[in-house]
Amino acid sequence: MSDIAIHWFRQDLRLSDNPALAKAVEQGTLLPVYILDDDNAGPDAMGGASRWWLHEALGVLNDQLRGHLRLYKGDARTIIPQLAAHYGARVVSWTRCYEPWRMARDKAIKDQFDAQDCGTIRLNGSLLWEPWAIQKQDGTPYKVFTPFFRKGCLQAPPPAAPMEAPDDIAFAKPQEDDGAISLGELSLLPAVAWHKQLAPHWDIGEAGAQAALKRFLDDGLNGYKSGRDVPSQPHVSRLSPYLHWGHISPNQIWHALDDLEDDAIPDQDVDHFRSELAWREFSYSLLYYNPDLTKEPLQPKFAGFEWQDDPEMLSAWQKGRTGIPIVDAGMRELWKTGYMHNRVRMIVASFLIKNLHTDWREGEAWFWDTLVDADLANNAASWQWVAGCGADAAPYFRIFNPVLQAEKFDADGQYIRHYVPELSKLPNKYLFKPWVAPKDILTEAGVRLGETYPAPIIDLKASREAALDAYKALS
Ligand code: FAD
């Protein structure tokens, strides 16, 4: 047996505060690997935006590892044991993942190693608390967020202090015939160069994550509690893709909040930001205890709900051409940047489900394909929350009125004007509902409804009432 330790990177694409990587480095010489495993992912295989992000992220990580990252494609259940045998590895390490397909696969791999000489190191590096660490006193999982956070998370042992990146990594000598392929051979980039518009919005990798955190702590956190609802303001961190890919650990963020030197930042902003980090933990807990979260409503009474199947409406929503400005602005932000502000995510999701009466899983699938932070747990839990069929979900009668939402949270119209420039000359009075504008105002603003900008594809009031009736029938 050699002194080689294989670290299998997955959703932990960073060197600092990576306990499993640090342990592997202590064991001897490091063979860092990444496997694109669509075989085991099946229907949960990454979407387009994620693949683009991953392509860039692997390039950055390889540079950090001084060109030593080895790439493979295929079934990790075969590849990892083969690599361990090929190199005579002493140990294989990985950071635990919690998606059902990854847990099943990882367990199968661990079981194979249990019967051999090669050991495994499996540690948490992605969550503040692993799902099984936060439970009610009776040993059952929380179903409601506030007690999960206040009684569960805040009473649990605090997240571990973050670790520095390993000082000096000794790398194992790679062998030519180990099946590794090039980054290009992973074929992660889409055939249509849609990803090129995403690139200017993101500085992918560990350094980019730390810079985003610093920017947020310096300029965004103060005022977060109220400012986080206004999509044109810089009061959200945009850390979600970095957290999803593990360019930064939640522990690093949590402890950076402890270390804040700026006394001017009100506690309520810090606390609220911590609670948002805990929503991520809550989603993971939901997924862990409900492995069907992505497919089945948590509340069984929704199983037979009759959704409408209208491909034209769905396509208008996806393209940001519904004729409802705040919805279109959000969907275009998503398409152009791979991100959408949380308030707007809730508005577009509510519109799809409760005005267009479309199955929430259609929205979940589109987000999965187009978000750079597409995350099985957060995405499914959030869609179920908006649909009203999830844990601690929005009550059925809470149907966002997208016009009122826009008037409240985009009061100066900055966000809509940015993403829906064809409406930019409309006065605020009509910007949020151009269909009520008098003809001369539309003409003056260069807007021809149905030509330069769509007329609304649905009557907001009638569709809302129909949804209320359908939901009421369930309760
Ligand atoms: P900040 O406000 O700066 O929050 C900091 C971090 O807290 C986020 O990065 C995120 O990790 C976590 N967080 C914040 N809000 C939530 C939330 N409601 N649920 C879970 N975690 C949260 N988030 C994803 O990471 N991936 C998804 O695929 C995803 N899909 C969503 C789908 C819908 C329909 C909705 C309504 C929300 C979805 N969210 C998803 C949650 C939330 O919108 C994003 O996490 C947030 O907008 C990310 O932006 P930020 O980093 O600037 O957030």
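Helix 6 and helix 11 are roughly perpendicular to each other (65 to 115 degrees, whereas angles under 35 degrees count as roughly parallel, over 145 as roughly antiparallel and the rest as oblique). In this predicted model, local features need pLDDT of at least 70 and side-chain atom pairs count only at pLDDT 80 or more, while totals for chains, interfaces and linings use all residues. Residues are numbered from 1 along each chain as its sequence is written, and side-chain values use heavy atoms, with hydrogens and water left out.

Helix 6 (residues 145-153) packs against helix 11 (residues 267-289) at an angle of about 110°, with the two axes 10 Å apart. Helices (H or I, at least four residues) and strands (E, at least two) are DSSP runs, numbered from the N terminus; axes are lines fitted to C-alpha atoms, for helices over the stretch in contact, and angles run from 0 to 180 degrees between N-to-C directions. The crossing of helix 6 and helix 11 is right-handed (the near helix is turned clockwise from the far one by less than a right angle). From helix 6, F145, F148 and F149 meet D271, R274, S275, A278, W279, E281, F282 and S285 of helix 11, contact meaning heavy atoms within 4.5 Å. The residues of this contact comprise six nonpolar, two polar and three charged (Ala, Val, Leu, Ile, Met, Phe, Trp, Tyr, Cys and Pro count as nonpolar, Asp, Glu, Lys and Arg as charged, and the others, Gly among them, as polar).

In helix 1 (residues 19-27), A20, L21, A22, A24 and V25 are buried (under 20% relative accessible area, with exposed over 50% and partly exposed in between; 1.4 Å probe, protein chains only). The elements covering these buried residues include strand 1 (4-9), strand 2 (29-36), strand 4 (91-95) and strand 5 (119-123). Helix 1 is followed by G28, which has a positive phi near 160°.

Most residues other than glycine have a negative phi. R66, although not a glycine, has a positive phi of about 55°; R66 is found in the loop between helix 3 (48-64) and strand 3 (70-73) and is exposed, with a relative accessible area of 52%. R238 likewise has a positive phi of about 55° without being a glycine. R238 lies in the loop between helix 8 (224-227) and helix 9 (240-245) and is partly exposed, at a relative accessible area of 32%.
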